[in-house]
Structures are given as structure tokens and as C-alpha cells.
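Please open the structure in a viewer and follow the stops below in order. Each stop names a selection and then describes what is found there.

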Amino acid sequence: MADTTAIESISVDPSRRARLAEFWYYFSENRGAVIGLWVFLALVVIAILAPVLAPHLPNAQYRDAVLLPPFWEAGGRVSYLLGTDAVGRDMLSRLLYGAQYSLFIGVIVTTIALTGGIVIGVIAGYFGGWLDTLIMRVMDVILAFPSLLLALVLVAVLGPGLTNAMIAIALVLQPHFVRLTRAAVMAEKNREYVTAARVAGAGNFRLMFKTILPNCLGPLIVQATLSFSNAILDAAALGFLGMGAQPPTPEWGTMLAEAREFILRAWWVVTFPGLAILITVLAINLMGDGLRDALDPKLKRS
Amino acid sequence: MLRFLLGRLAVLIPTFIGVSIIAFSFIRLLPGDPVALLSGERVMSPERHAQISHELGFDRPMITQYLDYLGGVLSGDFGTSIVTKSSILDQFFVLFPATVELSVCAIILAIVLGIPAGIFAAIKRGTLFDQTIMGTALVGYSMPIFWWGLLLIILFSGILQWTPVSGRISLMYFFPPVTGFMLIDSLLSGQSGAFKSAVSHLLLPTIVLSTIPLAVIARQTRSAMLEVLGEDYVRTARAKGLSPFRVIGVHALRNAMIPVVTTIGLQVGVLLAGAILTETIFSWPGIGKWMVDSVFRRDYPVIQGGLLLIAGIIMVVNLIVDLLYGLINPRIRR
Amino acid sequence: MIRKLTFAAALMAATVLSSAASAKTFVYCSEGSPEGFDPGLYTSGTTFDAAAHTVYNRLLEFKPGTTETEPGLAESWEISDDGLQYTFKLRPGVKFQTTEFFTPTRDLNADDVIFSFERQFKADNPWHQYVAGAAWEYFNGMGFPDLISSIEKVDDMTVKFTLKEKEAPFLANVAMPFASIMSKEYADKLAADGKMNQLNQMPLGTGPFAFVAYQQDAVIRYKANPDYWNGKQKIDDLVFAITTDAAVRYQKLKAGECHLMPFPNAADVEAMKADPNLKVVEQEGLNIAYLAYNTTQAPFDKVEVRKALNMAINKQAIVDAVFQGAATPAKNPIPPTMWSYNDAIQDDKYDPEASKKMLEEAGVKDLSMKVWAMPVARPYMLNARRAAELIQSDFEKVGVKVEVVSYEWAEYLERSKAKDRDGAVILGWTGDNGDPDNFLHTLLGCDAVGGNNRAQWCNEEFNKLVVQAKTTSDQAERAKLYEQAQEVFKREAPWATLDHSLSVVPMRKEVEGFHQSPLGDFAFEGVDLAE
């Protein structure tokens with residue numbers, strides 16, 4: 001769907017290049033956002049190249065090297081730069097592979113939540129009436145729970161594991177997209193260009209997704225970035241509570257959960273996975289701020 | 001105002017029914033037979049199984065079960081825990097004050113630090129000060145708080161040995177729970193040192209739980225202030241030669257606070273979600289830990305009742321915030 | 001409600017505590033909150049530690065540190081010649097605890113004993129459903145409803161149990177926590193006040209420690225019972241500081257905030273042993289993990305095949321990988337701490353070569369089988385999946401292909417019972433009453449086929465021995481029969497016995513008089529703190 005809308009906007013909007021330039025201008029104004037972008041790109045590269053970069057396999061256990069500190073501390077070894085965990089796995093390698101999981105979680109969860117949210121939101125906003133009321137009440141119900149609690153219980157229902165955790169998180173993030181899309185669609189649907197398209201004989205589907213939707217994309221993109229970082233955080237939290245990815249998966253939250261028992265003995269097994277989560281989430285949020293400044297006209301002034 | 005209230009209630013009631021349906025159906029969707037789980041490795045005879053199913057009401061039609069449950073909830077009966085066999089509402093009332101105490105302290109800390117930080121950042125917009133504050137706020141906003149809690153434990157409990165690792169008060173102190181709030185109870189007890197001990201136990205969890213709300217409030221205050229400072233009347237006031245303190249303190253702040261109050265209201269859900277992680281890390285006996293424990297113990301009635309109670313609280317708090325908002329800002333009443 | 005009730009008690013205790021500043025307080029960092037305080041209602045050790053071993057006594061007690069029984073509230077007993085009638089003589093002058101919430105007016109008598117059993121036994125007893133969903137798990141689980149025909153009061157101090165059949169483990173059963181003796185006088189008062197729930201919240205019994213207060217999920221307080229029939233305890237106050245996280249428990253133990261803790265992280269044990277302020281005791285827990293073949297299905301119906309597979313399993317590797325050493329490989333189906341354990345038995349040697357040859361001789365070629373791995377961690381098997389994977393690679397070395405399968409826990413338990421089940425099942429057992437019958441007959445008897453007997457193994461010789469032992473009263477005679485039964489078991493190899501996990505108890509150096517219980521209890525009668 002993203003593809004078709006992009007093509008559509010090329011054909012209907014000759015000033016696309018100008019808009020892109022304007023967007024980049026505002027985005028690059030924000031130094032933090034640019035830093036965030038670079039860090040994020042670096043993380044993507046790390047995730048893709050993890051098998052090449054990692055000195056060891058993420059689950060390889062070195063029985064002679066259990067709980068080694070990072071190389072700069074007494075007792076550390078250069079072959080395990082950031083030390084090893086309780087069963088002798090290389091921290092650095094696990095962290096690098098962990099980037100794969102976190103980005104994967106972010107992409108999948110955001111895609112599910114975004115697609116689902118847009119479809120439901122467009123339907124609610126475009127058709128209105130009882131269907132709209134029903135959909136919005138259901139979204140209210142989902143939003144009435146603290147998201148992490150709902151995700152936790154959902155995972156308990158579905159069974160612990162990464163897939164189920166992603167489904168649960170996507171489900172609790174979705175209502176935000178529904179609300180945004182619906183509000184935007186309702187604001188747009190009586191505009192002149194929509195009426196014109198309708199008079200020209202455009203069908204409901206075309207009107208909903210090809211005419212109206214591309215004009216509501218800005219806030220959705222901002223929300224998607226937010227969801228991306230939320231998904232990573234929530235998945236890590238579920239992993240930490242033992243309900244997300246299951247050991248020995250090198251997911252950062254799960255690594256933290258396994259590391260808890262060593263909290264007072266081996267600071268590195270606790271510190272690094274959390275730092276990795278923080279850096280990733282921070283980079284995405286920095287980007288998100290820049291995107292908001294660039295895409296949300298209301299806030300451009302400030 | 002009454003119409004506004006009725007309007008909100010008209011939305012609230014169907015939502016609550018929806019919440020109860022979701023909370024109810026979770027148990028039925030859970031994999032595995034809860035009765036069989038009760039006995040574990042010990043094989044249960046089919047008769048015994050049927051008898052227990054019957055006692056727990058699992059053998060009746062779904063609709064009947066739901067209506068009974070809803071009826072019970074409306075009359076204040078949230079059922080009994082499979083594990084402890086005690087009333088869920090009673091347990092909730094015992095544990096809830098601990099969560100409230102922690103959440104209230106956290107939100108107070110967030111407000112006390114967040115609002116001034118946001119204001120000053122807005123006034124000094126663009127300076128290093130502003131950038132530092134906002135950078136810190138974004139780090140706080142991006143923080144995996146379960147890790148943050150562990151770091152604080154390593155530093156303050158492990159290395160410096162300043163604060164205790166877990167719990168609400170040292171075991172040395174023992175007094176009856178009067179209010180359920182340890183800070184108040186420790187003062188009422190009159191035992192010397194009790195209050196101090198309660199505070200030192202509360203310190204780290206409060207910092208951890210307040211991290212995200214603090215960041216959100218600081219950011220929201222800053223952008224609301226910036227918006228207001230750009231408005232005509234503030235410029236007018238400035239042009240009239242009013243002191244900057246008066247301009248900001250009286251004119252700008254009052255208007256900037258409207259969105260900030262809403263933001264604070266919205267933090268209730270954030271706090272309760274954060275309480276799940278914070279209470280787990282610090283073994284804080286509140287409802288967040290209660291829910292996590294119940295999920296692991298597969299105590300379905302507690303999960304069900306807890307979901308409903310927590311959602312109910314959030315809905316009520318949001319209603320109150322809406323009403324307050326309506327009072328501050330008469331425009332939206334219509 | 002709970003709050004209101006505990007309030008008065010707490011107030012009282014506060015004054016007690018502050019007036020006796022120099023009181024000796026023993027703090028136990030317990031692993032979880034008790035589910036309640038009526039031991040009949042629950043099955044978890046956490047609850048038994050908090051209620052049964054502190055507040056209550058039973059007719060018989062387990063001798064500290066053993067699985068043998070000794071007189072408790074019953075001073076003596078007689079068993080009729082047909083083995084069906086047990087007549088217990090109660091100990092005279094046993095006082096119930098005097099607490100802030102109840103003052104007893106009479107000593108222990110037969111009514112209390114009858115009340116304690118009948119509330120679990122008789123559906124028409126007013127206390128049978130005093131909490132919603134009371135299932136009396138253990139009373140039913142030990143088969144008492146079908147076993148007991150009547151409980152009668154002979155006189156004030158004599159109670160007679162009449163059984164429907166011979167059951168030698170009966171004496172061990174009445175020493176179990178669910179059979180704790182409660183005060184009927186207290187119960188009657190609660191019923192009269194309309195506060196029956198309180199029986200499960202504020203327990204009152206004859207035990208060494210009297211209940212003071214419970215703050216949910218935080219702390220339980222007891223004080224020594226000054227009227228205890230077995231002498232007042234050396235410590236004055238007993239505190240359970242509920243600490244669910246093992247790392248935090250360790251931290252508190254190190255800091256001296258508690259004196260003893262259960263269930264340390266395996267990874268911390270080394271450091272604990274090295275700490276001069278701590279001491280660590282350990283012994284095999286009352287458990288067994290096993291791999292049960294389905295002995296009714298070819299080729300596992302052949303003894304040689306089962307034997308050969310047993311020889312292919314490297315148990316030590318499992319113990320190392322799953323428990324980091326906190327377990328011992330098992331050779332018998334009962335743990336070494338249990339009476340009648342046959343230590344003379346030789347375990348099958350780990351020998352892949354010999355195993356391969358035996359399989360060939362038995363005509364087994366290209367065998368592929370399923371191994372079931374439990375989805376949950378249990379005390380006897382912390383990670384069944386990992387164990388299954390090790391077994392998989394062990395079996396592959398002798399030419400047997402293995403597919404590891406798993407189901408959701410309740411389903412796993414249910415499906416593994418099926419007589420025509422495909423594959424060998426990893427499962428285990430934690431003993432209840434320290435009686436070998438509880439393992440050998442319960443898990444391997446012919447009656448249990450299609451149920452607890454996951455090997456679906458009905459061996460006439462074995463079954464005869466364990467049934468005979470069940471109906472013999474003399475313990476020495478029983479021990480002989482069980483030793484023989486273990487020989488048959490080893491010869492026939494219905495299971496590969498995998499491991500007994502170790503129970504490790506770290507404590508402060510100054511703790512004296514703690515007996516590690518092979519039953520897994522944490523009981524503090526007789527403990528003291530050296531000055």
C-alpha cells in the first residue's frame with residue numbers, strides 16, 4: 001500500500017521534489033534529529049552485518065570463560081571485548097545480534113499497527129455512523145488499559161514468546177493510529193478535492209485510500225516513529241518480565257532478565273543490554289522529534 | 001456542566017462493559033485447563049475434576065458466567081483468587097495504597113522538577129541550558145525504566161550502600177497499617193527512625209517511576225510555554241513594560257498550564273504501567289507486582305479482577321481530569 | 001477486612017516488640033507469600049512453611065532432618081491386628097496459643113482432632129466450604145476420602161480412625177501439613193462471630209510459634225509460644241521477610257538483614273560457600289526426574305532396548321548443563337534421603353559403544369522416537385528442553401533419531417497419561433510424605449497405568465512387592481520389600497532415572513539448630529542464634 005500511495009502522489013503532485021526539499025530543510029535544522037538518523041542507520045548496518053561483525057556466535061558457550069569482565073578490566077580478555085555472561089557467551093556478539101531482534105520487532109510491530117490502524121481508521125472516518133461508533137468504542141476499551149499490562153496479559157493468553165509479544169504490542173499500539181487516521185479522514189472528507197473526485201466517479205475504496213489518505217500521512221509518520229521506539233521498549237520490558245523472547249535468544253530485554261541475578265557481581269551483563277536499548281530508542285526518538293518538526297505544520301513555528 | 005458530565009458517562013459505561021467483556025474473555029481464551037493446572041503432576045480423577053470445575057463455575061454456559069460475573073462486580077464482588085482463595089477486592093485494597101503512595105510521590109517529583117525545567121528551557125530557548133534540559137528529558141523519555149532501576153540499585157544499594165534493595169520499610173519497625181500509606185503510618189507510629197526508613201525505601205522506586213512522566217511534563221511545559229509566549233497578549237503585556245517575572249509567572253504560565261494539566265492526567269496510565277516494572281524490580285508490594293505474580297501463577301480470577309479494577313481507576317481518573325479541564329477551560333464544555 | 005482484623009493483633013505486637021528491645025529475632029527471607037494460613041487448603045511448600053510448621057502441630061511429626069515419623073500431638077498409637085484401626089492417644093496438657101485475637105479456655109482434646117479432619121472430609125461440615133473453591137487438595141490427593149471409613153472419639157483424649165483397607169503410609173500421611181490440628185474452640189468462636197474467613201487469615205494452633213501479623217507480600221510475624229508443650233523456643237520472635245528475588249535474598253543475607261534463605265541462585269552458591277559470615281548446607285531434595293518410556297509400545301516393550309537407551313544417556317552432562325551441578329544423577333526411582341533407598345544398586349554405566357551393540361543385538365535398526373520435554377521449570381528439572389536436546393544428541397550417537405516435542409503444561413500432563421502415547425516423557429515427582437510408597441506405588445504401580453504411571457509399566461513382581469509393603473505395618477519389613485522392588489525396577493528399566501536436584505540452604509554463621517528437611521520444609525523449631 002505504501003508503494004501505491006507513493007506512486008499516486010508522484011503523478012498528482014508535481015511539487016513533490018520541492019516538498020521533499022522543504023522537509024529535509026526543516027529536518028536538518030534539528031541537529032539532534034540528524035544525529036539520531038546517523039545512529040539509527042549505523043544500527044541498521046550493525047544488524048545487517050551482525051554475522052560478519054560478531055567475533056563469536058551469539059549462543060556459543062565458552063565454558064572456560066564464564067562471567068569474564070570487559071577487556072579493560074582486570075581478568076578480561078581481548079577475545080571477549082565486552083566480557084561474557086553466566087554461561088560463557090560473548091556479550092558483544094549477543095549485543096550485535098540483539099540489534100537484529102530489536103529492529104525487527106520495531107519494523108514488524110509498527111507495520112502491523114500502522115496498516116491495521118490505517119485500514120480501521122479510514123473505514124471508521126469515511127463511513128461514520130454506527131460502524132464508527134462501534135470501532136471507536138472498541139479502541140476506547142483497548143486504551144482503557146495500561147498498554148504494558150494489556151500486552152502482558154495478552155502474552156500470557158497467547159503463550160510467552162517473541163511472536164506473541166509482537167502481536168500483543170501491535171494490538172495495544174494500534175488504537176493510536178486508528179484515532180489519528182479517523183480524525184484526519186473526517187477533516188479531509190468534505191474538502192473540495194474529495195468532492196471533486198467523487199463527482200468524477202471515484203469509488204469508495206479509491207476515495208478512501210488514494211485520494212484522502214496521502215493527505216493525512218504526516219501525523220501518521222510521526223506516530224509511527226513513536227510506535228517504533230515504544231515497540232522496542234515494550235518488547236524489551238516483556239522480555240525482562242520473562243514473557244517476551246525466550247532464552248537463549250539474544251534479545252536485549254531477555255538478556256537483562258537473565259542478567260538480573262548477577263546484578264551485584266557482574267555489572268557488565270546488566271549495563272550493556274540496557275545501554276543498547278537506550279541508545280536505539282533515543283536515536284529513534286530524536287528522529288521522531290525532527291520528523292514532527294518537519295511534518296507537523298502546527299509546530300513548525302516553535 | 002451536567003450535560004458534559006452525562007455525555008462523558010454515556011461514553012464511559014459502554015467502555016466499562018467492553019472492558020469487563022475483555023477481562024472476562026481472557027480467562028476463557030487462556031490455554032490449558034485451569035483446573036488441571038491446580039493439581040500439577042498429581043493426577044486428578046475425572047469426578048474430582050468435574051466437581052472442582054463445578055465449584056469454580058466453569059461448567060456453566062459462557063453467557064451465564066459473564067452475567068453472574070458482571071452482577072458480582074457491580075455489587076462489589078470481584079471473585080476469589082484460585083491461589084489464595086481470598087477475596088480479590090480485599091487483596092486489592094491492601095495492596096493499592098502501596099501503589100498509590102509510590103505513584104503520588106513519583107508524580108509530585110515529576111511536577112516539581114518537570115514544570116520549572118520546562119519553563120526555564122522555554123525562556124532560555126535555544127541556549128545550551130535549553131538543549132541540556134531537553135536532551136536530558138529525551139533520554140529520560142527513551143529510558144527502559146527496568147534497566148534504570150537496576151542501575152540505581154547497583155549504584156546506591158550495591159556500591160554506595162545508601163539505600164535498601166527492596167521493600168517498603170525496614171523490618172525493625174513494626175506498626176499497624178492505619179492508612180496503608182507507609183509514610184503516614186510511620187509518622188503515626190511515633191517510632192523514631194521509622195519515617196526515615198520509609199523514605200529511604202521509597203526513594204529509588206520514586207525516581208525510577210517518575211522518570212518518564214518527568215520527561216513528558218518537562219517537554220510539554222516547554223512547548224506550551226513557547227506557544228503562549230508567542231501569543232499577542234503576552235507580547236502586549238511585555239510591551240506594556242510589565243516585569244518579565246510577572247509576564248511569565250502570571251500571564252503566560254496560567255494559560256500554558258492547561259495542556260500541562262491534561263498531560264499530567266494522562267500520566268496515570270503511564271504510572272500504572274510503570275508500576276508493573278518498578279514494583280517488580282524493587283519487590284514493592286503493590287498492584288503492579290500483584291498482577292505480574294498472578295500472571296505467573298496463572299491466577300486467572302485475579303488477572304481478570306485486576307484488569308477490571310485498574311482500567312476502572314484509569315477511566316475514573318480520566319473522567320476527573322476531563323471535568324477539571326472543563327472547569328479551567330469553559331470553551332470545551334459545549 | 002484483613003486489615004481491620006490484623007489491626008488489633010498488630011497493635012498488641014507493636015507494644016510487645018518495643019517493650020522487649022533485647023528480644024532475639026530470627027529473620028527468614030522467604031521466597032514468596034503464603035497463599036493463606038489454613039494448610040489444608042493449599043499445596044505449596046511456601047504456605048506450609050508459613051502456617052503448618054510454625055503455628056500448628058500434627059498427631060505425628062517428622063523427626064527433624066529425616067523422613068521418619070515420631071510422636072507429635074499423639075503421644076502413642078495402636079494399630080489393630082487387621083491393620084484397619086488406628087487408635088491415637090493424645091498428649092495431655094497441650095495448650096493452644098494465647099494471642100491478642102483469641103484466648104483459649106481449654107487444652108487440646110479429641111474434638112479438635114475430629115474437627116481438623118472432618119472439615120476436609122465431610123461435605124456437610126459447616127467448614128467444608130468456608131472459603132470459596134476450597135478443594136482440600138492434599139486430603140483428596142492422598143486418597144483419604146476413599147480410605148477413611150470413620151473418625152470417632154473414643155474418649156476426650158482418644159481418637160480412632162477406621163480405614164477401609166490396609167495402608168501402611170497412613171501414619172506418614174497424618175504427619176503431613178494438611179493434617180495440622182486446629183482448635184475447634186477457636187473455629188466455633190469465629191463461626192459464632194460470622195468471621196469464618198479468619199481461620200485462613202489468623203491461624204491459631206499448638207505449635208512453637210504464635211501468629212502475630214501478616215502484611216501482604218511483605219512480612220509475616222510470629223512470637224515464640226510460651227506455653228509450647230515441647231518447651232519454649234530459644235528465639236523470641238520469628239519474622240518471614242518475603243523476598244521473591246533470589247539475588248535480593250542473597251543481598252539481604254550478606255547484609256545480615258536475614259539469617260537464612262531458601263532457593264539461592266545456583267550461580268551464587270560458590271560465593272556463599274566462600275563467605276566467612278555464611279555457611280551452606282545441602283542435600284538431595286525429595287524428588288526425581290525421569291524419562292519414562294512407553295513400555296507397551298514396540299520396541300520399548302523390550303527390556304534390552306530400554307536398558308541400551310539408558311546406557312546411552314550421559315546424566316552427568318544433564319546435571320551440569322541444567323543445574324550447574326546443583327543436582328546429582330539418579331540411579332533409583334527414590335531419592336537417597338528416603339528410608340529404604342537401595343544404595344547397593346549399580347547404575348547402568350554410560351557407554352555408547354555397548355549401548356549401540358545391545359541395540360543391534362535386539363534387532364533395532366534406524367529407530368526414530370519422540371522425546372517429550374516439559375514446557376515449565378520444576379524443582380527436579382529446571383530446563384527440560386535443554387535436557388531433551390542433550391538426550392537427543394546422546395541417542396543420535398547410538399543411531400537413534402529423536403524428535404523433541406512439547407505441549408502446553410496442562411495438556412502435556414494430560415496427553416502423557418495416554419496408554420498409547422508415542423514417545424518417552426520427561427517428567428518428575430516431588431514427594432509428599434517421605435514414604436517410599438509415595439514414589440514406588442504411586443508412580444510405578446499397576447493401578448497408576450493410564451495415570452501417574454507414565455511408563456504404562458505393570459510388572460507383576462514389582463507390583464506385588466509394593467502392594468505388600470503398603471499393607472505391612474512393620475517398617476523394617478517394609479524397607480526390605482522396597483529395596484527388593486528397586487532391584488526389580490533397575491532390572492526392568494521402565495524409566496531412565498535422570499536426577500535428584502539438590503536443595504541448598506545458605507544461612508548466617510550464627511544460626512544454630514536448623515535441620516535441613518529432606519521433605520523440603522523450612523521449619524524453625526529449635527533454631528537459635530549464637531551470641
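**A tour of three chains**

Select residues 96-325 of chain B: 80% of this span is helix and 0% is strand, and its end C-alpha atoms are 26 Å apart. The model is a predicted one. In UniProt, an unreviewed entry lists these residues, 96-325 of chain B, as "domain: ABC transmembrane type-1".

Remain in chain B and select helix α12, residues 287-297. Is this helix mostly covered or mostly uncovered? It is mostly covered, as eight of its 11 residues are buried. Among the buried residues of α12(B) are W290(B), M291(B) and V292(B), together with K289(B). Next, select R298(B), which follows α12(B) and has a positive phi, near 55°.

Move to chain A, where UniProt (unreviewed entry) places the feature "transmembrane region" at residues 33-54, 101-128, 148-173 and 262-284. Select residues 101-128 of chain A: the span is 96% helix and 0% strand, with its end C-alpha atoms 39 Å apart. Then select residues 148-173 of chain A, where the chain is 88% helix and 0% strand and the end C-alpha atoms lie 10 Å apart.

Finish in chain C with an open sheet of four strands, in the order β1-β10-β9-β8 and with mixed pairing. Strands β1 (25-28) and β8 (209-215) of chain C stand at the edges; each has a single partner strand, so one side of each lacks a neighbour in the sheet. From one strand to the next, the twist averages 20°. Within chain C, select β9 (residues 219-224) and β10 (residues 237-241), which run antiparallel and are joined by five bridges. Here R221(C) has V239(C), in β10(C), as its bridge partner.

Conventions
Residues numbered from 1 in each chain as written. Chains lettered and ligands numbered in written order. Predicted model: local features only at pLDDT ≥ 70, side-chain atom pairs only at ≥ 80, totals over all residues. UniProt positions renumbered as here; feature names shortened; annotations may be inferred. Helix = DSSP H or I, 4+ residues; strand = E, 2+ residues; numbered from the N terminus. Buried ≥ 20, exposed ≤ 12 C-beta atoms within 10 Å, placed from the backbone. Pairing = 2+ DSSP bridges. Axes fitted to C-alpha atoms, helices over the stretch in contact; angles between N-to-C directions.
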